[in-house]
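Trainee: I would like to go through the labels on this model and ask what stands behind each one.
Mentor: Good. Bring the terms, and we will set each against its cut-off.

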Amino acid sequence: MRSRAAAALFAVALLSATSCARRAEEPAAPPAAAVPEAGPPTLRAAGMALGGSWSESQVRRYASQFDLVVVGGSARAERVRLFHATHPGMLVLAYTCGFDVHDATPLHAWLRGRHPDWFLTDAAGRRLHVYRDRHRWALDCGRPEVRAFFADSARRRVRELGADGIFEDNVMPTWEVGTLAGAGARLARYATREEWRAALELYLAALEEAVAPAVVAANQVTPWTRHARIVAVEEMPPGGAAWEESVRRLEAVGRDRGRVPFLLHRLRGPGDPARAFVTASFLLAAPPGALLCLPY
């Protein structure tokens, strides 16, 4: 699939993968000898800072390791300010997701009582789970009132935190993805994939307008939408046609002026052998400044 030049890049990527991922764990040892500057780094390290209460030392450690962090619902403005003060220029994105709700949350109770029509339903009118979890329920972001609600929520969250944007999770290209309705499902309001995607494009456009000039990172299983300045993609396939397609799509994002690829690939642990392969694969497609996150 690739030329010998690309194969050479792949080999160089393999050599650099360990040091790239090590930023997420511990400071690297000082180099044995000075190394000439090689220009801007090909990859920037990203981290998921979604935990509960964080100490100042934890925030400073993450700020020293990453160029972008995604903070969760427990984060407050003080934490975001400390990230920015410790690492000027780093991006802090607030985690958001308008695609599902857990039935233990106040939001679910409010929706059940006030807006039961906001749930995504199949052709028989049955509400749908996500992640095969009987406690998590899919929401219909194609509805204008749902769009408006979550766009306003995102605007308020960015303003409250002083964040640089949002990380919108689960932007699925089709309802047939296993974590959503599942293959074979027929939805009440979307007869085709095209109708589904058109509805989600309107949802993402509303988010972008709400948080502007802050950025939207849309997390997808494949980079499909034209919205979002940061194109976040989950998981690098282990090989074969799916791997080739993923590399091609990420290359296309890299050629799209003003958009930044962001690969999020979960590892089994610090010694996961997939780390080098994933990093090298991403380097084949990633332009300078692309973002890589390897949590475990």
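Trainee: This is a predicted model. Which residue of S6 does His129 stand opposite?
Mentor: Trp137.

Trainee: What makes S5 and strand S6 (residues 133–138) a pair?
Mentor: Pairing needs at least two bridges. Two bridges join S5 to S6.

Trainee: What is the hand of the crossing where H5 passes H6?
Mentor: Right-handed.

Trainee: Which residues make the contact?
Mentor: From H5, Arg147, Phe150, Ala151, Ala154, Arg155 and Val158. From H6, Ala199, Leu202, Tyr203, Ala206, Leu207, Ala210 and Val211.

Trainee: How do these residues divide by class?
Mentor: The contact of H5 with H6 has eleven nonpolar, no polar and two charged residues. Arg counts as charged. Arg147 and Arg155 of H5 are in the contact, so they fall in the charged class.

Trainee: Where does Ala214 lie?
Mentor: In the loop between H6 and strand S8 (215–220).

Trainee: Why does Ala214 count as buried?
Mentor: Its relative accessible area is 18%. Buried means under 20%. Ala214 is therefore buried.

Trainee: Which residues is Ala214 in contact with, leaving aside its neighbours within four places in sequence?
Mentor: Val158, Asp164, Gly165 and Arg229. Val158 is also one of the H5 residues in the contact with H6.

Trainee: How far apart are Ala214 and Asp164 in sequence and in space?
Mentor: They are 50 residues apart in sequence. In space they are 5.2 Å apart, C-alpha to C-alpha.

Trainee: And the chain overall: what percentage of the residues count as buried?
Mentor: 48% of the 296 residues. Among contacts between residues at least 6 apart in sequence, 64% join residues at least 24 apart. The secondary structure comes to eight helices and eleven strands.

How values were computed:
Residues are numbered from 1 along each chain as its sequence is written. This is a predicted model: local features need pLDDT of at least 70, side-chain atom pairs count only at pLDDT 80 or more; totals for chains, interfaces and linings use all residues. Side-chain values use heavy atoms; hydrogens and water are left out. Helices (H or I, at least four residues) and strands (E, at least two) are DSSP runs, numbered from the N terminus. A crossing is left-handed if the near helix is turned anticlockwise from the far one by less than a right angle, and right-handed if clockwise. Contact means heavy atoms within 4.5 Å. Buried means under 20% relative accessible area, exposed over 50%, partly exposed in between (1.4 Å probe, protein chains only).
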